[in-house]
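Try each task before reading its solution.

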Amino acid sequence: MSEIIQIPNSIWMITQDSPPTPTAADDPPEKRTRKTAVSAQTMQQNMSQFLLVIGDVFVQAEQQAFQMQQASGNAQKSPLQLDQVELFITIDGEGKVSLCGDDRDRGAVKLTFKRNQNSPKK
């Protein structure tokens, strides 16, 4: 007999506050950990909106690349095609989804391309 699994109403988020600057050289800063219940509906909504925007960015980029290729007179398919997109995200204690970045305000997106099997080989 199959068991029915219900989606929970909330999900627990465990976050850490940034530690304050230590006052003495020997005092390591302490991080405070918080546990917050986030509405499952809020989490689903925020993740859906985030993925909708990211998906649209890549669809538009693909369309622009195709238009540029057509404008250059190159009717052949590109020898490369996007195979994977890897996103690094954070979810805060309120369920907000953000693209992670580094200390220089750059988002972390990894794009993996593969050779298009229909393109001519050199």
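**Exercise 1. Find the glycine that follows helix H1, then describe the helix itself.**

Solution. This is a predicted model, so every value here is computed from it.

Step 1: go to Gly73, which sits just after H1 and takes a positive phi of about 85°.

Step 2: walk back along the helix. H1 covers residues 40-71, 32 residues in total. From the first C-alpha to the last it reaches 46 Å, close to the 46 Å expected at 1.5 Å a residue.

Step 3: look at the other end. Ser39 caps the N-terminal end of H1, with a side-chain oxygen 3.2 Å from the backbone nitrogen of Gln41.

Step 4: pick out the buried residues of H1. They are Ala40, Met43, Asn46, Phe50, Ile54 and Gln69.

**Exercise 2. Work out whether Asn46 is buried or exposed, and what its side chain reaches.**

Solution. Asn46 lies in helix H1.

Step 1: check its accessibility. The relative accessible area of Asn46 is 18%, and the cut-off for buried is under 20%, so Asn46 counts as buried.

Step 2: follow the side chain. The side chain of Asn46 reaches the backbone oxygen of Gly95 at 2.7 Å.

Step 3: Leaving aside neighbours within four places in sequence, Asn46 is in contact with Glu94, Gly95, Lys96 and Val97.

Step 4: notice that two of those names come back as a pair. Glu94 and Lys96 form a salt bridge, with their closest N and O atoms 3.2 Å apart. Glu94 is exposed at 53% relative accessible area, while Lys96 is partly exposed at 46%.

**Exercise 3. Say how many salt bridges the whole structure holds, and which strands Lys114 and Asp83 lie in.**

Solution. Side chains of opposite charge can pair when their charged atoms come close.

Step 1: count. A search of the whole structure finds 3 salt bridges, and the Glu94 and Lys96 pair is one of them.

Step 2: take Lys114 and Asp83, whose closest N and O atoms are 3.9 Å apart. Lys114 is in strand E6 (residues 109-115) and Asp83 is in strand E3 (residues 80-87), so this bridge ties together parts that are 31 residues apart in sequence. Lys114 is partly exposed at 36% relative accessibility, and Asp83 is partly exposed at 40%.

Step 3: now take Lys110 and Glu86, with closest N and O atoms 4.0 Å apart. Here too distant parts of the chain are linked: Lys110 is in strand E6 and Glu86 in strand E3, 24 residues apart. Lys110 comes out partly exposed at 43%, and Glu86 partly exposed at 33%.

**Exercise 4. Identify which residues make the nonpolar surface patch, and which element gives the most to it.**

Solution. Leu82, Val85, Ile89, Leu99, Val109, Leu111 and Phe113 make a patch of about 520 Å².

Step 1: sort by strand. E3 and E6 each supply at least two residues, and E6 gives the most, with 3.

Step 2: look at one member on its own. Leu99 lies in strand E5 (residues 97-99), and its relative accessible area of 35% makes it partly exposed.

Note on methods. Residues are numbered from 1 along each chain as its sequence is written. This is a predicted model: local features need pLDDT of at least 70, side-chain atom pairs count only at pLDDT 80 or more; totals for chains, interfaces and linings use all residues. Side-chain values use heavy atoms; hydrogens and water are left out. A salt bridge is a side-chain nitrogen of Lys or Arg within 4 Å of a carboxyl oxygen of Asp or Glu. Helices (H or I, at least four residues) and strands (E, at least two) are DSSP runs, numbered from the N terminus. Buried means under 20% relative accessible area, exposed over 50%, partly exposed in between (1.4 Å probe, protein chains only). The expected span of a helix is 1.5 Å times one less than its number of residues. A polar contact is a pair of N or O atoms within 3.5 Å; within protein, one must be able to donate a hydrogen and the other to accept it, and residues adjacent in sequence count only if both atoms are side-chain atoms. Patches are made of residues with over 30% relative accessible area and no salt bridge: like charges are joined within 9 Å, nonpolar side chains (Val, Leu, Ile, Met, Phe, Trp, Tyr) within 5 Å. Accessible areas come from the Shrake-Rupley method with a 1.4 Å probe; for residues, only the protein chains shown count as cover. Contact means heavy atoms within 4.5 Å.
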